[in-house]
Amino acid sequence: MTTLVIVESPTKARTIRNYLPSHYRVEASMGHVRDLPQSATEIPASLKDEKWAQLGVNVESNFEPLYVVPKAKKKVVQQLKEALKEADELVLATDEDREGESISWHLLQLLKPKVPTKRMVFHEITKEAIQKALRNCRSIHEPLVQAQETRRILDRLVGYTLSPLLWKKIAFGLSAGRVQSVAVRLLVNKERQRRAFRQGSYWDLKALLEQEKSPFDAKLVTLAGTKVATGSDFDPNTGQIIEGRNVRLLNETEARELRERLLDKTWTVTELEERPVTRKPSAPFTTSTLQQEANRKLRLGARETMRIAQNLYEQGFITYMRTDSVHLSEQAIAAARSCVEEKYGTQYLSPKPRQYNTKSKGAQEAHEAIRPAGSTFRTPKQTGLAAQELALYDLIWKRTVASQMADSQQTMIAVGLQVEEAGFRSTGKRIDFPGFLRAYVEGSDDPDAALEDQEVILPPLKVGDHPNCKELEAVGHETQPPARYTEASLVKTLESEGIGRPSTYASIIGTIIDRGYVQPNGNALVPTFTAFAVTGLLEQYFPNLVDNSFTSKMEQTLDEISTGEAKSLPYLQKFYLGEQGLETQVKEQEGLIDPNQARTVELDNLDAKVRIGRYGPYIETENGDGRVSASIPKDLTPAELDPEQVETLLRQKTEGPEKLGLHPETGEPIYIMVGSYGPYVQLGEASEDNKKPKRASLTKGLNVENITLEIAVGLLSLPRELGLHPATGCKIQAGLGRFGPYIVHNQGKEGKDYRSLKAGDDVLTITLERALELLAQPKKTRGSSRSQTKTPLKELGSHPDNEEPVNIYDGPYGPYVKHGKTNASLPEGKQVEDITLEIALELLAAKEATKKSSSKSRKSTTSSKSKTSSTTKKTTAKKSTKTK
């Protein structure tokens, strides 16, 4: 008897094969095998004339979806059908969540097995888990499939109904989404807060005191019995003290005068308070908290985190990584407590096993938390993992083990001091027993080092003591605008508001970045002007679709469908049809939306208008000669665009660039200019003889206001030679590149050895000695926190057209195939080892075809205007589906 087992990926297939009897054959479906059509070419010929086929959902026939097998999956489906012919039994072993259940259902519909069929689920790939799952097979859970299908239909209805509207009213290629648009609005609202923010300033005093030769710090908190103002006392919208606050606001003069009065005065301890504090360990990871902590600690994006976690799960190292449960099985608790006892001792165990309750909205308790797989936990060193996989497994192992450790016992110490009319305060923290902090400190890679950093030890003090003042400093402060969202904080907000599901956050964040709604700046997510325009349109005409509570209720309904408490069809009808349905809203509102107004971003305190154009955002204003417009540099954010910058951009457009002076050697003029990527200096003017005059970007910290002729000459002299390397005799140069200032050791045929300059180094003044110090340090690959490398993961061979190499590289969003300037992501479910040169050439050809198709679509937009009305409608419909 032969049993065919189908899973999603080859990696999962290889791992599970080790735990099954020899007569079991394991094959991979390579992810989803059916979906709604992505282009007009996928629509069956018999349905091409049906208007609803473009949407992929027959709204008039009870929202019946049109499922098709993508071209890339037809071979896989055929192989599975051939394998099924030789089997006496079929076991569907896809993931245990909604998506996995849906894949199994689609396989069942496609393969139409005539042999007994079972559904096998497990949350970890270990021998015990697989054997237990085999003994407890079930049938497909229809309500779970129904919920996933409803979710997919909803996403299609929102995307395919609103996106064409955005193309017409704002710009081609934009998209709207059920969850994505709400996420973009969160980012835009944060940026609006930053724009509305008004900075406040305040001063206080900081003292360095000494008691029995032990130094400690103290800060001014009261003056003549009145609290001294701090940042929390300011209104962020006015930059002034919040009305009604009884505080004393010190300016620089007052602070310095107070300092002078207090020098050489006697300090007295007036108050001493010790307060015991107990800290409990955090719950084990869910999908959301793993993404947040990996972003904070490892600087991994949500997509990258989920890709690595998927690999760890499929290799049998961790439990299933898409879960919102913090529950641990008895087996897992026993394994974690065993690790604690062996590594840290019994005194570090919690008195009794800990269980945690999920607090997020709409959480599903069906799965366990993310933890190391098995009845005993392999330590990170025992896994044999490396790089990102090791770092993420280490994070999961520490968090799980720490969850079963004892509480951390700490003492918070507050000391009040008086000197004349000024009251000071010093605070300390003593860790009496580290407990779980020995294993895991949130936001820290090294728990032992973090423990030292967390402790603030004060010398032995008692009321009436007179510590000596060693230093007294007047310190100025400025209030800061609200922090932008990072991937971690955005995921946390989405989950707390019940928007979307944690398993979808990675793809949502990826989509809003890919679509140009967000521009990552370090770890921060900065919304673009396009994001402002789209959010403004949706807020005005479709407010429900970007309302947090409305979107949260949608998720709640989908959960109810998955448990059988609600029905799919009535909900879809209410959402899309009827007087308040999305279809009706779009038809009614489309004629009311003025494209010129929709493309305009209104910003407070700015007379000039910001518009979204074909080539990006630009500013537009009226002067005596008519309208003047200028492109907005890509690195200029909506929160930072102010009247001074607008004036600079427009002046450069109308009057030409500002002249700094003449080059001392060539006599050519040097200009300061602002381009798409920010300000730069230029030597000479562009002409027929000098089509590309020399240019140099400004270094960090320089701007249009503080650039001088001397600095500009220095920038234009780059790269500059520092001298010769004493060991090789080769040149060492300092220069300014795409990723900032650098030094390079040019060794000829041996290659070039680059180093980025560190904080404090100046590319214009760095010496040979300092350059040699930097070159002596180990080289770090750019983005080394993500273990990125330019070395191919796999070399596939040469392209038959031009003999250039075709390789697979590891990128921020997963492995991809590269040939020349063309990059193609690996298909869902495909691993690096599965890709051959033949498959890679197909992927590259498909990517090239997509580029050409997109280009043709844009061209056809113009030509189609001359055609008849009926032809125009038909062409537009086809083009819309194709572009989708």
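**A loop residue and its surroundings**

Modeller: Let us begin with arginine 299, which counts as partly exposed because its relative accessibility is 38%. On this scale, buried means under 20% relative accessible area, exposed means over 50%, and partly exposed lies in between, with a 1.4 Å probe and only protein chains considered. Please keep in mind that this is a predicted model, where local features need pLDDT of at least 70 and side-chain atom pairs count only at pLDDT 80 or more, while totals for chains, interfaces and linings use all residues. Residues are numbered from 1 along each chain as its sequence is written, and side-chain values use heavy atoms, with hydrogens and water left out.

You will find arginine 299 in the loop between α8 (287-298) and α9 (302-314). Helices (H or I, at least four residues) and strands (E, at least two) are DSSP runs, numbered from the N terminus. The backbone is what makes me stop here: arginine 299 is not a glycine, yet its phi is positive, at about 60 degrees. Most residues other than glycine have a negative phi, and most peptide bonds are trans.

Other loops also have backbone features to look at. Glutamate 420, in the loop between β11 (408-419) and β12 (422-433), is a residue other than glycine with a positive phi, near 55 degrees. In the loop between α22 (709-716) and β24 (720-724) sits proline 719. The peptide bond that leads from leucine 718 to proline 719 is cis, and its omega is near -5 degrees.

Alanine 224 belongs to the loop between β8 (214-223) and β9 (226-227), and with 62% relative accessibility it counts as exposed. Its C-alpha atom is separated by 73 Å from that of methionine 120, which is 104 residues away along the chain. Proline 693, in the loop between β22 (678-683) and β23 (695-697), counts as buried, with 8% relative accessibility. Leaving aside residues up to four places away in sequence, proline 693 touches Gln682, Leu683, Gly684, Glu685 and Ala686, where a contact means heavy atoms within 4.5 Å. For leucine 683, 10 residues from proline 693 along the chain, the separation of the C-alpha atoms is 6.0 Å.

Now for the helices. Leucine 537 is in helix α16 and is buried, with a relative accessible area of 4%. Not counting residues up to four places away, leucine 537 touches Leu166, Lys169, Ile170, Phe542, Ile593 and Ala598. Alanine 133, 404 residues from leucine 537 along the chain, has its C-alpha atom 50 Å from that of leucine 537. Tryptophan 167 lies in helix α5 and, at 13% relative accessibility, counts as buried.

Both of these helices turn up again around α19. In helix α19 (residues 582-590), the buried residues are Leu582, Val586 and Gln589. They cover an arc of only 80 degrees around the axis, which puts them on the same side of α19; the arc is that of the directions from the helix axis to the C-beta atoms. An α-helix has 3.6 residues a turn, so residues three or four places apart point the same way. Lys587 and Glu588 are exposed on the other side of α19. As for partners, the buried residues of α19 pack against α5 (142-169), α16 (529-541) and α18 (568-576).

Stepping back, the protein has 25 helices and 31 strands. Its C-alpha atoms fill a box of roughly 95 × 80 × 70 Å along the principal axes. A compact globule of 884 residues would have a radius of gyration near 29 Å, and the 32 Å of the protein agrees with that; this radius is taken over C-alpha atoms, and the globule rule is 2.2 Å times the number of residues to the power 0.38. Of the 884 residues, 48% are buried. Among contacts with a separation of 6 or more, 65% join residues 24 or more positions apart.
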